[in-house]
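Subject: Structure handover

Hello,

Here is the structure for you to look over. My notes on it follow below.

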Amino acid sequence: LARTAFELGAAEFMAQAWGGDTDSLVASGLALRSANPERIVVKVPVTADGTAAAARLVSAGTRVCLTACYSREQALVATAVGAEYLA
């Protein structure tokens, strides 16, 4: 799907990581970004496991969007882990 989006002119593509814990979110996030690390943004929820996974993904050079943000405190957490986007 991302490849098609890029062929149609998309500059970037967001894809949702999945998993029930930090390690699963990191594993799925790394798998998602492998197709095009510079243009794929991995979406991860702002939960305890999600923010831990986001920090690890960002450290590994993955572009991250933290999702399901409902408070200022969650926005601060997103900034602290180095998320590129917040939703």
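The chain has four helices and four strands. Both are DSSP runs, numbered from the N terminus: helices are H or I over at least four residues, strands are E over at least two. Along the sequence the pattern reads α-β-α-β-α-β-α-β.

Two points on the source. This is a predicted model, in which local features need pLDDT of at least 70, side-chain atom pairs count only at pLDDT 80 or more, and totals for chains, interfaces and linings use all residues. Residues are numbered from 1 along each chain as its sequence is written, and side-chain values use heavy atoms, with hydrogens and water left out.

Overall form

The radius of gyration, taken over C-alpha atoms, is 12 Å. That agrees with a compact globule of 87 residues, which would have a value near 12 Å (the rule is 2.2 Å times the number of residues to the power 0.38). The C-alpha trace spans about 40 × 25 × 20 Å along its principal axes. Of the 87 residues, 38% count as buried (under 20% relative accessible area; exposed is over 50%, partly exposed in between; 1.4 Å probe, protein chains only). The chain exposes about 4,800 Å², and carbon and sulfur atoms supply 57% of that area (Shrake-Rupley method, 1.4 Å probe).

The sheet

The four strands form an open sheet in the order S1-S2-S3-S4, with parallel pairing (two strands pair if DSSP finds at least two bridges between them). Its edge strands are S1 (13–16) and S4 (85–86), each pairing on one side only. Helix H2 (residues 22–33) packs on the sheet and touches S1 and S2; contact here means heavy atoms within 4.5 Å. The direction of H2 makes about 160° with that of S2 (axes are lines fitted to C-alpha atoms, for helices over the stretch in contact; angles run from 0 to 180 degrees between N-to-C directions).

S1 and S2 run parallel, joined by four bridges. Met14 has Val41 as its bridge partner in S2. Five bridges join S2 (residues 40–45) to S3 (residues 63–67), also parallel. There, Val42 is partnered by Val64 in S3.

Side chains along S1 alternate.

The cores

The largest nonpolar core has 14 residues (buried Ala, Val, Leu, Ile, Met, Phe, Trp, Tyr and Cys residues joined through side-chain atoms within 4.5 Å). Val44, Leu57, Val64, Leu66 and Ala83 touch the most other members. H2, S2, helix H3 (48–59), S3 and helix H4 (72–81) each give two or more residues to this core. H3 gives the most, with three. Another core lies apart from it, with six residues, among them Ala2, Ala5, Phe6 and Phe13.

Leaving aside neighbours within four places in sequence, Ala83 contacts Val58, Val64, Leu66 and Ala78.

After S4

Ala87 is found in the segment after S4. Is Ala87 buried or exposed? Ala87 is exposed, with a relative accessible area of 53%. Ala87 still touches Cys65, Leu66, Thr67, Ala68 and Cys69, not counting residues up to four places away in sequence. Its C-alpha atom is 8.7 Å from that of Tyr70, 17 residues apart along the chain.

Best wishes
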